[in-house]
Amino acid sequence: MDNVAHTLENLHTETRSFRPHASFAAHANATSYEYKKAGVDRLQYWREAALRLAWREPFTEILDWSDAPVARWFHDGTLNACDNAVDRHVREGRGDRVAFHFVGEPGDTATLTYADMHERVQKAANGLLSLGVTTGDRVAIYLPQIPEAVVAMLACARIGAIHSVVFGGFSAESLRQRIDDAEAKLVITADGGNRRGAHLALKPLVDDALAGPEGQGPAASVEHVLVVRRTGQHTAWTEGRDVWWHDAVDPQPAAHEPVWVEAEHPLFILYTSGTTGTPKGLWHSTGGYLTGAAHTHRLVFDLKPETDVYWCTADVGWITGHSYIVYGPMINGATQVLYEGTPNTPHEGRWWEIVEQYKVTILYTAPTAIRTFMKWGEAIPQQYDLSSLRLLGSVGEPINPEAWMWYRRVIGGDRCPIVDTWWQTETGAIMISPLPGVTATKPGSAMTPMPGVCMDVVDDAGRPVANGEGGYLVATEPWPSMLRGIWGDRHRYVSTYWNHFDGMYFAGDGAKKDVDGDLWLLGRVDDVMNVSGHRLTTTEIEHSLVSHPWVAEAAVVGAADEVTGQAVVAFVIVRSDAHGVPTDGDEVAAALREHVRRQIGALAKPRTILVVSEVPKTRSGKIMRRLLRDVAENRPTGDVTTLADPTVMDAIRVGLDAGTGD
């Protein structure tokens, strides 16, 4: 493994710090006592967090680590995830509380209380049973961001089936891989969804996936396809296999007793990309995962369920949607916004219009979205009343200090704490974050591990690095919401996460401790470039570029170079409201290269800077640097079916061929 500890010396040192407002701290869910409790007895701390759940049979053992690195948390207790997320609120008199304000892209809306969700989930559970799905079966869910997606997940949990949600932007081939690996018995999908003013078909992709490419044959495990009518578009039909949701679910009785499962019963499988190209089916258990998701949601977002309106902008197809739309918030009784559309449909103020209309108090989104809004200009959010907001969150990738400050000033009115969270599909819940009302925050830093979470930054030999040094981010002790494995492949689980450092979970990310010991995430270790024997992080250079007043967003990759080993190639988007920007792209590139040289050093100067109108992003907003590397190294571009706009790659390739910035 390459040594990254010496590559981070030039990382920008942030000196700004924002202490919690006394008025916020006075009413915050978290206090500094959280850290003290966890420090005195970590297992007892997690026991108390788990006891906030509703258990059918109480657990007697907190952690069994005898089969490390597979953990068993609260394993002799029984519970049901759907009961915790829905039934509990109804039986405790909170059934009339709004669970979701659904906002469809075409403008259709629905308000669903916890009592409404209770009725819908019970009907859906009976519908799944009528199709032969039972406890332990796997169900693939391939739906747009609509209430039925949440209902389907909870209905699976209610009967003890294991859901595997596949993001609606994935291709038929990707869907088939996941269906086959999980041996899914049922696929739940829709005729289509709405995207940028058009109907996006989903059912045809399911049909293609189940048919398989020539020579592969049909997916043998799938018995039925349950189809939600969302758009009303023409839908091909396979008699005997395909069933409409309104035929199989709506007529069912709204009465169903949850299946009580042991805490270690698998709740879901979620696939994430692997270095071999084969997706990894990460699976999470029930009791430990729910404990981590609910506990972190309550503390990090300071949720006041009686008054807050919470909006996580992720898709339920990703782990953020699982943990911080479905399970964590619903267990905590939150009122949420669920939005089907994009930030700029039908206009670039759509999100802020929703914040104003529903008086959103907590907003959790990605740095990519924030930088996009920066590019569009602050005049757009200033048209809306955002005074209801009281807390802002960031998730998905390290946030650069400039975007952090813009988010605080323009969206948060310089009054809202920002919780910059680090975690992964594998961790199940937030691992590193400030606690609002407790932690003084620094723009761009995720600050410190959550109470009860043990993380460190180590060198090649697994030794903790000193303050001011960088290395590899690891977890040194098990935590309740940790993944339990890769579905059907223990060896791959161990070799992927536990073989790098003895007894420690390796997250795959680089990190640095600043002089105060606070953590700065530096992105994936495989995003470390070797330029003339010197190691540079892509994040470091991206932060430098975005700190320039002309730049709204930047993506940096390393491209093979016969002289230096690797060369830095940067793709930048210029801010629409920036002043004094040259019209000539070469002049822009020259100025930005000099800016990076001044901030980091001559070795970090990009060999090539291409000014683009957009960078390739998935529909969830993540930058696809893999595709940029393909272009930079003149390779055929890989699969672009998950991109929000696949034509972006054509424009980038044309621009790179023109040699801007060489």
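This short report walks through the overall build of a predicted model and then one of its pockets.

## Overall build

Let's start with the whole chain. The protein contains 19 helices and 30 strands.

How does the radius of gyration fit with a compact globule? For 662 residues, such a globule would come out near 26 Å, and the protein has 24 Å, so the two agree.

Of the 662 residues, 63% count as buried.

Taking contacts between residues at least 6 apart in sequence, 71% join residues at least 24 apart.

## The second largest pocket

Rolling a probe the size of a water molecule over the atoms shows where empty space is left. The second largest pocket has a volume of about 300 Å³. Its lining is made up of 18 residues, and the closest to the pocket centre are Arg 52, Arg 88, Arg 298, Ile 331 and Asn 332.

Which helix gives the most to this lining? That is helix 10, with four residues. Helix 10 covers 287–300, and both it and helix 4 (81–91) supply at least two lining residues each. Sorted by class, the lining of this pocket holds seven charged, six nonpolar and five polar residues.

Methods:
Residues numbered from 1 in each chain as written. Predicted model: local features only at pLDDT ≥ 70, side-chain atom pairs only at ≥ 80, totals over all residues. Heavy atoms only, no water. 1 Å grid on protein atoms, 1.4 Å probe; cavity = no way out; pocket = protein on both sides within 12 Å on 5 of 7 lines; lining within 4 Å. Points joined across faces, edges and corners; volume = space filled by probe spheres on them. Nonpolar A, V, L, I, M, F, W, Y, C, P; charged D, E, K, R; others polar. Rg over C-alpha atoms; globule rule 2.2 N^0.38 Å. Buried < 20%, exposed > 50% of the residue type's maximum accessible area, 1.4 Å probe, protein only. Contact = heavy atoms within 4.5 Å.
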